[in-house]
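Hi everyone, thanks for coming. I'd like to walk you through one model today, so please have a look at it on the screen before I start.

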Amino acid sequence: MRKEIRIAGFGGQGIILAGIVIGKAAALYDGLKAVQTQSYGPEARGGASRTELVLSDEEIDFPKVQSPDILVAMSHEALIKYLDDLKDGGTLIVDPDLILEDEIRPFVEEHNINLYRAPATRTAQEEIGLAIVANIVMIGAITAITKVITEDAARKAVADSVPPGTEKKNFSAFEAGLKMV
Amino acid sequence: MDETKENRFMKYLRRERLPNIFCAGCGIGIVMNTFFNGMEMAEVPLEEVVMASGIGCSSRIPGYVKCDSLHTTHGRPISFATGLKLANPEMNVVVFTGDGDAAAIGGNHLIHSARRNIDITVICINNSIYGMTGGQISPTSPQGSYATTAPYGALENPFDLSRLVTAAGASYVARWTTAHPLQLSKAIKKGLNNKGFSFIEVISQCHTYFGRKNRMGSPIDMLKWMKEESVVKRKADKMDESELEGKIIVGEFHNKPAPELSQINCKLLEDKCTAGKSSAFRSAYQGD
Amino acid sequence: MKTENLFIQGNEASARGAIKAGCRFFGGYPITPSTEVAENIAIFLPKVGGTFIQMEDEIAALGAVIGAVWSGVKAMTATSGPGFSLMQEHIGYAAMTETPLVIVDVQRGSPSTAQPTMASQSDMMQARWGSHGDYEIIALAPSSVQECFDFTVEAFNLAEKYRVPVMVMSDEIVGHMREKITIPEKVDVLARQMPFEGPEEFLPFKAAPDGTSAMPAFGDGYKMHVTGLTHDERGYPDASNPEGHFQLVKRLCDKIRKHTDEISRVKNYYTDDAEIVVLSYGIPTRPSLKAVSMARDQGLKVGFIKLDTVWPFPEKTILEGVGGAKRVVVVEMNLGQIFYEVQRVLSGVKVELLPKIGGEIHLPEEILQKIKLQGGL
């Protein structure tokens, strides 16, 4: 089993942290092998942001994502940029409030993409009252939709990745994401 | 040789390395004497002194002194000294350097170490020329002075090193010439006792190159020139620019204690650091 | 502290390895993509009584490291291409003065400023020959986050054993990627040796029979003079003596060259019956091994050699590993550096290069294609 995941959006959404949490959950708590990588641009703020994960039950020889099984898009720009790389029959998770679905509908149909809508940003704002936990909501959604990591491992990884004192809000965010599916 | 007439500082030297390579009449001999004199006045035993130096005539001093010393690369001795001091703050770290070493290739290290106010005493023997390589122009050569690489006279403005280092943040800065051995000894004493970055600039004679190129072919000519042209800072402060042209301003440029880097670092290490020694002290010798 | 499992970047693993190996001083200068080594060790060092300093440039950084080593601590720096270039002067000084130290070079696209956020293996020859003169160093090439930790520990021990600069030739990919690593409670740490002789008898630059020489610290009463000039066994300058210079420089080279077998870490995979051998080091070993197992699945007799130490060049081990193979493919992220070394060692074998620059690793499929392309299998 080798699963390639790409999560992309814009700077400030906590994209990289989402990748780290999923990697930690897989590698430290689910007994899988995991490699997390990320794109580095010269911009300190804003701009595009991207993280990639390879998860496997065997040693990971090639550490980079070639053709993702799962694409998570948290901006329209990221969606358009990376959609072509998604495997036929792959899983696409989008934050529906941040993308224009009409533009991708033909591609989704043509390539048998399983499209899921996870309104992470709206949920974070409305249910948790904190837009910055949208990434944790999305981790919940990814966990529930893809099952690449277990819920229990994801909870543990969230716990040791978020700043002390913010655990409660982040757990609520994670649970809200789980319930989206 | 009559043993009783031997220089009283001979005990500090590596006797087996003598005679030294310096030209007869070179200012370095005076600087070595004044250093040992200042060290005794400061009551710093040589056992507590470690030296670092770069490349050039002045940088050969540590090789003749019976203490631990790093004869390093051109311009960089202060960076080595920074590591020596931070890894063992108990040591009294002294850097011997020259104008080419400290002001040209090593200028950046000089100003940054002054900024850090790290407890190092830098003795910069400024003879306004590259002596070891045969008389090339240096960043402190007076405008119009001659050197092999300034055959028509130096075109550029020279650095005023003591003012530069003061501005950069050193806590003790003084300039004297080799014609002022007593004042120089006192400045070295103060520099060694100062807990912070001390910079002692010594205007010195290179009669072999600077002198010959600039109509002062003997050490005596040059010492006379330095004595006659020197103006103490207090007096110079009251003189105007035209009066000071061609003069050597000597004296204390700055003397104001300030927080020192190795001590600040020890505070950071807090409980790891007792009596000025961090728990890392000589840690390389501990196995697993 | 018990055994720990962490999911961290290679650069953080290097910093953690250094602390475990006893490093208590870091002099550095920020440069992408190595900066996380400095940032992490700046957090760790004060907690173990050690000192971190950010110097004004890389020349000063390595100068401070050398100073700290002579004060009796283990010390390191980390950098990348442009900074590594600036350090070359002091790498030569460290080799000449037999100062043990560790440099982690997180390689990026080169030459000049080039690609700060992209990987390469373009400093491999600079690691070996970057400073002027004849000298030897040791270089290791990690291909995983675990190896970033393990090889940094190893680097400190090798540095102490041979009193030589040791380089961990990491790269942007391995430095920045996160993987699980296991940090053992204790690692083997080689302590610096004090001489048996007292200050009157001790010669700080006399060759030890086994290559390892004792090294007291400044302040221990040995009153050593350490110089980059050609020096005698006492450390005194002796720069105009042709025979003395020959003896010194020959000894500095021989203490590494004659221990190449002891220093070398090379792993062979499926080489026993191999007709083609793929050879690589660092991060491209991962797609290489994948390509080799793909080739095996297709019935091709292909073996793989992974160099964990690149310098001193493990000639004998490579010759043995290649055995009777007819063809060797060298996979590296530059336009050919170690390739020429392999070619030199394997006369009579067809050695081919699969280069790649631009920042990305070779794909397993590319390597497989190269294996098959002219293999005649």
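**Strands, sheets and domains**

Let's begin with β8(C), where both faces are covered: P165(C), M167(C), M169(C) and D171(C) are buried on one side, and V166(C), V168(C) and S170(C) on the other. Buried here means under 20% relative accessible area, exposed means over 50%, and partly exposed lies in between, with a 1.4 Å probe and protein chains only. Before I go on, a word on the basis: this is a predicted model, where local features need pLDDT of at least 70 and side-chain atom pairs count only at pLDDT 80 or more, while totals for chains, interfaces and linings use all residues. Residues are numbered from 1 along each chain as its sequence is written, chains are lettered from A and ligands numbered from 1 in the order in which they are written, and side-chain values use heavy atoms, with hydrogens and water left out.

Back to our strand. β8 of chain C spans residues 165-171, and seven of its seven residues are buried. Helices (H or I, at least four residues) and strands (E, at least two) are DSSP runs, numbered from the N terminus. Which strands join β8(C) by bridges? One is β5 of chain C, residues 101-109, which runs parallel to β8(C) with seven bridges; there, D105(C) has M169(C) as its bridge partner. Another is β7 of chain C, residues 138-140, also parallel, with three bridges, and I138(C) is partnered with V166(C). Two strands pair if DSSP finds at least two bridges between them.

Now to another sheet in chain C. This one is open, has five strands in the order β11-β13-β12-β15-β16, and its pairing is mixed. At the edges stand β11 (266-269) and β16 (350-355) of chain C, each with a single partner strand, so one side of each has no neighbour in the sheet. Neighbouring strands of this sheet are turned by 20° against each other on average, direction ignored; axes are lines fitted to C-alpha atoms, for helices over the stretch in contact, and angles run from 0 to 180 degrees between N-to-C directions. Within the sheet, β12 (residues 276-281) and β15 (residues 327-332) of chain C run parallel, joined by five bridges, and L279(C) faces V330(C) across that pair.

How is chain C divided into domains? The assignment gives domain 1 (1-263) and domain 2 (265-373), with bounds from an automatic or database domain assignment. Their centres, taken over C-alpha atoms, are 28 Å apart. Contact (heavy atoms within 4.5 Å) involves 34 residues of domain 1 and 27 residues of domain 2 of chain C. Together the two domains of chain C bury about 2,400 Å², 54% of it on carbon and sulfur atoms; that is the accessible area (1.4 Å probe) that two parts lose on being put together, summed over both.

Finally, the chains. Two pairs of chains are in contact, and B and C share the most contacts. Chains A and B have no contact, and their closest C-alpha atoms lie 24 Å apart.
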